[in-house]
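Subject: Structure handover

Hello,

Here is the structure I said I would pass on. Please look at it first; my notes on what was found in it follow below.

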Amino acid sequence: MVTTLSAAVGVATDKSGEAVDTVTQWWQSEDMRSWLVDKPIGIVLILLVAVIGNWLLRRLITKLADNSIKKGKLSSPLSQRKPVKTDKALAATNEARRVSRIQTLSGVGRSAVSIFVWVWAALAILDKLGVNVAPLVASAGVVGVALGFGAQALVKDFLSGIFMLMEDQYGIGDTIDLGNGVFGDVESISLRITTVRDIDGALWYVRNGEILQVANHSDRYSVARIQVPVALSNDPDKAYNVINAAAADASHDPTIQPDILAEPTVNGMSGLEVDHMSYRVSVKTLPGKQWDVQRAMQAKILSAMHAEGIATPYPRGMAIFDMEESGLGNGLTRKDN
């Protein structure tokens, strides 16, 4: 009995020793240590570098943008605009637009940095796991070429968006006319699309690659242009004096005076037709304020013309004028009497 028990203990001891040896050999195996220690630690380090690098780069871009906003400078090698003399109101408007452009550029930069960092992290992790990334990079190049041919419109949108931002063609809050029926205020800008809110409240999504021309009504300053029709029966000099005085008086109206940058200019008789003459009034205004100034000045000028007896063409309507010229108007009047 004792011999049997001793034999069993010896067998168990031998098996325990074999198990320990197996575990020790397994642990000391280069592949196991690599998968359980080296690779996890390497992946964790890559993720830490990616997280810290992404945070630092994004913070650096944000810091540079904040410094540019505080310094009041934003240079563009492709911009050919010359500075203009501005007053405080115009300077404030230009500053708001400049800040908006800096924020747009910084947002695009942060997105690009994040994409670059995390693509690098993904390739580094795959390489750490033993995956040959060279074919992946090569296939990515082939896929990129295929996308270049198959998605030319998308590439065109991105390139147009990049140059649009670099050249500062327009910014968020600007009033623009894209020449294809889209006219309104810019609400957002990305590398692919520009969103514009028109006067009816519709929000247009316009691909940057489809924008072939743009008229910016909010760049530095605007001009309110008023065309005043006057009947041919009026004295041209008197009409000019009345319109000039009314425009000058309207420019001092407290409701629009802050939006006006220079005294209004009456360009004289700018048109002479068979049934009327017209005078043109031009007023330099803050960006985007030309329509408010135009509406207010038109009302002031018309009231002054009525007060001074300056007649407008067809004061009772064109149909009545035509009937009187043909003699039908008098005939109807006699018949009614």
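Val51 lies in helix 2. The model is a predicted one, and every value below is computed from it. Is Val51 buried, exposed or partly exposed? Its relative accessible area is 45%, so Val51 is partly exposed.

Val51 belongs to a nonpolar patch on the surface, together with Ile41, Val44, Leu45, Leu47, Leu48, Ile52, Trp55, Leu56 and Trp118. Taken together, these residues have about 950 Å² of accessible area. Helix 2, which covers residues 30–71, supplies the largest share of the patch, with nine residues.

Five strands make an open sheet, in the order 4-3-2-1-5, and their pairing is antiparallel. Strand 4 (203–207) and strand 5 (215–216) stand at the edges with a single partner strand each, so one side of each has no neighbour in the sheet. As a general point, side chains in a regular strand alternate between the two faces of the sheet.

Within this sheet, strand 1 (residues 175–177) pairs with strand 2 (residues 183–189) in the antiparallel sense over three bridges. Asp177 is found opposite Phe183 of strand 2. The hairpin of strand 1 and strand 2 has five residues between the strands, and Gly179 in that hairpin takes a positive phi near 80 degrees.

Strand 2 also pairs with strand 3 (residues 193–198), again in the antiparallel sense, over five bridges. Here Gly184 stands opposite Asp198 of strand 3. Strand 2 and strand 3 form a hairpin as well, with three residues between them.

Now the charged pairs. Side chains of opposite charge can pair when their charged atoms come close. How many salt bridges does the structure hold? There are five, and I describe some of them here.

- Arg207 and Glu210 meet through their side chains in a salt bridge, at 3.4 Å from N to O. Arg207 has a relative accessibility of 30% and counts as partly exposed. Glu210, at 45%, also counts as partly exposed.
- Lys300 and Asp253 form a salt bridge between their side chains, at 3.8 Å from N to O. This pair links distant parts of the chain, 47 residues apart: Lys300 is in helix 7 (residues 290–307), while Asp253 is in the loop between helix 6 (236–250) and strand 7 (265–272). Lys300 is partly exposed at 37% relative accessibility, whereas Asp253 is buried, because its relative accessible area is 17% and the cut-off for buried is under 20%.
- Asp292 and Arg295 form a salt bridge through their side chains, at 2.4 Å from N to O. Both residues lie in helix 7, three residues apart, which is about one turn of the helix. Asp292 counts as partly exposed at 33% relative accessibility, and Arg295 counts as exposed at 51%. Elsewhere, salt bridges that share partners join Asp157, Arg207 and Glu210 into one network.

The largest nonpolar core has 23 residues. Which of its residues touch the most other members? They are Val228, Val230, Ile243, Val281, Met297 and Ile301. Strand 6 (222–231), helix 6, strand 8 (276–285) and helix 7 each give at least two residues to this core. Helix 6 contributes the most, with six residues.

Leaving aside residues up to four places away in sequence, Val228 touches Ile243, Met277, Ser278, Tyr279, Val281, Ile301 and Met305. There is also a second, separate core of 12 residues, and among them are Met164, Leu165, Tyr170 and Ile189.

Regards

How values were computed: Residues numbered from 1 in each chain as written. Predicted model: local features only at pLDDT ≥ 70, side-chain atom pairs only at ≥ 80, totals over all residues. Heavy atoms only, no water. Patch = residues over 30% accessible without salt bridge, like charges linked within 9 Å, V, L, I, M, F, W, Y side chains within 5 Å. Areas by Shrake-Rupley, 256 points an atom, 1.4 Å probe, with all protein chains shown as cover. Salt bridge = Lys/Arg side-chain N within 4 Å of Asp/Glu carboxyl O. Helix = DSSP H or I, 4+ residues; strand = E, 2+ residues; numbered from the N terminus. Buried < 20%, exposed > 50% of the residue type's maximum accessible area, 1.4 Å probe, protein only. Pairing = 2+ DSSP bridges. Core = buried A, V, L, I, M, F, W, Y, C linked by side-chain atoms within 4.5 Å. Contact = heavy atoms within 4.5 Å.
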